[in-house]
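User: I would like to go through this model with you, starting with how its parts meet. Please keep the answers plain.

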Amino acid sequence: MAQSAETESNLPPKREFRAVWIATVDNIDWPSSKTLLPEEQQEEFSELLDFHKRVGMNAVFVQVRAAGDAFYAKSPEPWSEWLTGVQGRKPEPMWDPLDFMITEAHKRGLEFHAWLNLNRLVHKSSKSVSAENISRLHPEWILTYDGYKLFDFGIPEVRKFITDMTVNVAKNYDVDGIHFDDYFYPYAAPGQVIQDDATFRKYSDGYTNKADWRRHNVDLLVKQIHEALEALNPRLKFGISPFGVWRNKDRDAEGSKTFGALASYDDLFADSRRWVKEGWIDYIAPQVYFSSGFNRVPYKNLVDWWTENRFDRHLYIGMGAYRVGNKDKDSHWSNPAEIPNQVRYFRDSEADGSIFFSSRSLRANSLGFVDSLRRDLFKYPALIPTMPWKDKVPPLSPKSLKATLLSRGIELTWEQPDEASDGDKAWYYVIYRFPPDEKATAHDPRRILGMCYEGEKFVDMTAEAGKRYVYYVTAVDRLHNEGRPIGPLRVEVHDQKLVRF
């Protein structure tokens, strides 16, 4: 199969990250109610994954720490009230949602990223706070602000606790990645002041400017988590989804062509650009929740800026699906083509993909924008982009490709490849099918017949009698490096039997 670096510009993308955020806080996306039985929660989650797979997604980000709580059993923090009804109450019957969710995602070929909120201990909508909540155990670590209880990042023990909590998830669960959202220091609330004067006096670390000191605290935390995850598992992905604007150009010549907008650097004390530049994260997913026609913060300007400031790390565009069709001051969101056009734009800008907020918005399919994704933009499958700084060794080729005619189609079978030089075998397989007169290529996703995530067999149920087909199968490793194919296997269904040609 041709491995030429040249690709046709009009082909759909062979590699593109396509993901969705599944929010658990206040039961936004899952579970739909905190009174559901575990069996109902499991069924609901599996249906959710089936839906997103049908839309064309290849990854999910599930919020497993929403507010000083946990959606997993092996946690120093109490069970979430949005899972069991009361914070600290264990599921009945007992199960581990995170183990279940990872298994279900991987079965469907979806990457699973554990999404942790790193600053919240008590949410405005919390109805119960366990005696085991860190805000009760360590009140000296806490900032109270706008109805929330939050971590004080200036305290070294706080940063250590957050790092340990994060590493604990990566150590105990087979996640593909660890993910943080945009909550660092809080979004400003009128008349509220962050009460961290005492912490600043005690831990100023030579800083005289409090804003710089706060940014330093967040930098320390991000770097510390990066180093801890790297030491535990260098192949684990780590990324952050900050507010879309790093800095506005009127404040900083290196900032984006945006005007008067809230900025991650200035308002949330989160120097998001630095994290990518320093290589502390593997991807950045800025929340570009603005329309193409919004004059102060145009979608295209932000995508352009992040494309130029990605520093050889992956860039996934955070998409504001929740705004489509809503009664919004920005009338551009009433255009059903807004999100599809945004997808086309980031593709042309060579971003690596997108993450949609959130699951509920995709399921609502407001103005039919999800139909556009499924029928057109995400019609063909896409492999997840590789991360060569983590792993660039492809797996070896599968062995012994064979075909058998069944009543329901042509069954292809093969054997696992031997271990590659880095010890990797296959994580999944890609099955390609070509007509006999077409030159085979690895670059055209329209020729991907399917992907196989369990075992070494695949049934082509669309094969027609009297037609000739050429098959190839490749092995792909955990970080999506694709090996050389086995093939060609040339077959024709003839007189109710399979003939090689």
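This is a predicted model: local features need pLDDT of at least 70, side-chain atom pairs count only at pLDDT 80 or more; totals for chains, interfaces and linings use all residues.

User: How many salt bridges does the rule find across the interface of domain 1 and domain 2?
Analyst: The rule finds five salt bridges across that interface. A salt bridge here is a side-chain nitrogen of Lys or Arg within 4 Å of a carboxyl oxygen of Asp or Glu.

User: Where do the domains run?
Analyst: Domain 1 covers 10-376 and domain 2 covers 399-500; the bounds come from an automatic or database domain assignment. Their C-alpha centres are 37 Å apart. Domain 1 brings 16 residues to the contact and domain 2 brings 17 residues, contact meaning heavy atoms within 4.5 Å.

User: What area do domain 1 and domain 2 bury between them?
Analyst: The figure is about 1,300 Å², with 49% of it on carbon and sulfur atoms. Buried area is the accessible area (1.4 Å probe) that two parts lose on being put together, summed over both.

User: Changing topic, how many salt bridges are in the whole structure?
Analyst: The search finds 37 salt bridges. Among them is Glu-254 with Arg-273, at 3.5 Å from N to O. Glu-254 is in the loop between strand E8 (237-240) and helix H8 (264-267) and Arg-273 is in helix H9 (residues 272-277), so this pair ties together parts 19 residues apart in sequence. Helices (H or I, at least four residues) and strands (E, at least two) are DSSP runs, numbered from the N terminus.

User: Which peptide bonds are cis?
Analyst: The bond joining Trp-30 and Pro-31 is cis, with omega about -20°, and so is the bond from Phe-357 to Ser-358, with omega near -5°. Pro-31 sits in the loop between strand E1 (17-22) and helix H1 (38-55). Asn-27 lies in the loop between E1 and H1 too, and its phi is positive, near 55°.

User: What is the average pLDDT of the chain?
Analyst: The average is 96, and 98% of the residues score at least 70; pLDDT is the predictor's confidence in each residue, from 0 to 100. Over residues 3-7, pLDDT stays under 50.

Methods
Residues are numbered from 1 along each chain as its sequence is written. Side-chain values use heavy atoms; hydrogens and water are left out.
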